[in-house]
Amino acid sequence: MKINQQLRVIKDRGTIKWQGMLLNEPVKTRGEEVEEDKPMPQPKLDAYDLQLIQEELESALKRRCNVIIHTWKEGKVTRHYGTILSIDRDACILTYADPFKDRTLNPDEIVSVNIVE
């Protein structure tokens, strides 16, 4: 009887050891995810940055090439990929076609534009 108890203790000790080693990774990963969920402050764009964004948008519209547009809204930066179809300055709407359908953006939310060649 005493031998069975000793074997159980050794087995339990090994199980606890492996559980402890495997538990650290998910806990560390979850901590990194929480960091990513924090709201990002709105990027500060000066007049030069805004002018560059406008020139990139107009160039992409004329060339009908694909672009990657980053927008900031409510603490999150979102990446959009597609071809710019139109820019309506009066209504403040940018329309682009992604691989699935036509979508719209508010140009005031754009923080960067990159032409993909």
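## Length of helix α2

Helix α2 covers residues 47-63, and its end C-alpha atoms lie 24 Å apart. Helices (H or I, at least four residues) and strands (E, at least two) are DSSP runs, numbered from the N terminus.

This is a predicted model, in which local features need pLDDT of at least 70 and side-chain atom pairs count only at pLDDT 80 or more, while totals for chains, interfaces and linings use all residues. Residues are numbered from 1 along each chain as its sequence is written, and side-chain values use heavy atoms, without hydrogens and water.

Ile53, Leu57 and Ala60 of α2 are buried (under 20% relative accessible area, with exposed over 50% and partly exposed in between; 1.4 Å probe, protein chains only). Viewed down the axis of α2, the buried residues fall within an arc of 70°, so they line one face of the helix; the arc is taken from the directions from the helix axis to the C-beta atoms. The face turned away from the buried side carries exposed Ala47, Tyr48 and Lys62.

The buried residues of α2 pack against β1 (66-73), β2 (76-88), β3 (93-97) and β5 (110-115), contact being heavy atoms within 4.5 Å. Just after α2, arginine 64 has a positive phi of about 55°.

## Tyrosine 96

Leaving out residues up to four places away in sequence, tyrosine 96 touches His80, Tyr81, Gly82, Thr83, Ile84, Leu85, Lys101, Asp102, Arg103 and Leu105.

Technical notes:
Expected span 1.5 Å × (residues − 1).
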